[in-house]
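Good morning, and thank you for coming. Please take a moment to look at the structure before I describe it.

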Amino acid sequence: MTDSLEVKSELYDEDGFCNRSSPHRSNTIFFLQFFQICENLDFSIKTDDDEDVIVPRKKYQTIEIECSPSTSLSLVGLQLWRGAFVLADFILSNHVDFTGKTVLEVGSGVGFTSIVASMFAKEVICTDIEEEGVLDMIKRNIKRNENIIKADVSVLPLDFYSDHYSEELTNKLKNVDIILAADVIYDNDLTEAFIKTLIKLLNTPKNKKFYIALEKRYVFTLDDMDTVAPCYEHFLSIFLKASRRSPMCAWKVKEMNIDFEQRFKYERSKHLVMWEIIT
């Protein structure tokens, strides 16, 4: 994996993706709008004084996220990616399943998905590598969104290449109900380390659910003489191979439909995928 390559998320070039503030600490702050969840829907027809039908308007909330405009390949987690938006939409569409739960996100990046989960969960554990200010950025983003956060949120280091977890994280893992990950595959070695870590986490006592959202990134290769998605194909190969072995063979593994409501503004491309594991 080379650090000489500068990488920029495609999201930043989308029309109307979000509003930008002035740069902060050489980063950018985005204001990400999503329409609110209506718990008590009123389907009655209402009219104004002129007896014109009142059309209900969607009410929006905003999440404020600091992120990097571009990074080296090893620090792409400091940017926003589409997989995180798919996972955020999934949480909002299935918020009842997250209510009162303990949620662990691995490879949290800027903490966006964890912040969405923290609107409903009892506790959220954000984890990522303890390098280049990654955890500090997550903490700043959590601070920015305290007005919508309901869960107890902690930010802790977790490195896919390390088998050692802090005592605090080890204790918290005992209570985890749901594990989340979004766009964590961009290098084959990292993918293999991620799957090894995932199996270890899912194999700890207490049944869990795991959700991962990814975007297939296609490139043309001379070896294949075709457009392929090598990072995703490597992930899928390792993932499915692991699903045929113990302990994963005893778990329910399936690819999910991404047909739930889109609440955030982004391009939901056909190359986005989600997988679920239930232990």
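Predicted model: local features only at pLDDT ≥ 70, side-chain atom pairs only at ≥ 80, totals over all residues.

The protein chain contains seven helices and 14 strands. Of its 279 residues, 48% count as buried. The chain exposes about 14,500 Å², and carbon and sulfur atoms supply 47% of that area. Among contacts in the chain with a separation of 6 or more, 73% come from residues 24 or more positions apart.

Let us turn to the sheet. As a reminder, strands of a sheet pair through backbone hydrogen bonds, in either a parallel or an antiparallel manner. Here we have an open sheet of seven strands, in the order β8-β7-β6-β9-β10-β14-β13, and the pairing is mixed. Which strands stand at the edges? They are β8, residues 152–157, and β13, residues 252–256; each has a single partner strand, so one side of each is left without a neighbour in the sheet. On average, neighbouring strands of this sheet are turned by 15 degrees against each other, with direction ignored.

My last topic is charge. Side chains of opposite charge can pair when their charged atoms come close. In this model the count comes to 14 salt bridges.

Two of them involve helix α4 and strand β4. Arg144 forms a salt bridge with Glu64, with the closest N and O atoms 3.6 Å apart. Arg144 lies in α4 and Glu64 in β4, and the two are 80 residues apart. Arg140, also in α4, forms a salt bridge with Glu66 at 2.8 Å between the closest N and O atoms. Glu66 is in β4, 74 residues from Arg140.

Is Glu66 buried or exposed? Glu66 is buried, because its relative accessible area is 0% and buried means under 20%. Arg140, at 23%, is partly exposed, and Glu64 is likewise partly exposed at 23%.

A further salt bridge joins Lys172 and Glu123, at 2.6 Å from N to O. This pair links helix α5 to strand β7 across 49 residues. Finally, Glu10, Arg82, Asp183, Glu215, Arg217 and Glu267 are linked in a network of salt bridges.

Definitions and conventions
Residues numbered from 1 in each chain as written. Heavy atoms only, no water. Pairing = 2+ DSSP bridges. Helix = DSSP H or I, 4+ residues; strand = E, 2+ residues; numbered from the N terminus. Axes fitted to C-alpha atoms, helices over the stretch in contact; angles between N-to-C directions. Buried < 20%, exposed > 50% of the residue type's maximum accessible area, 1.4 Å probe, protein only. Contact = heavy atoms within 4.5 Å. Areas by Shrake-Rupley, 256 points an atom, 1.4 Å probe, with all protein chains shown as cover. Salt bridge = Lys/Arg side-chain N within 4 Å of Asp/Glu carboxyl O.
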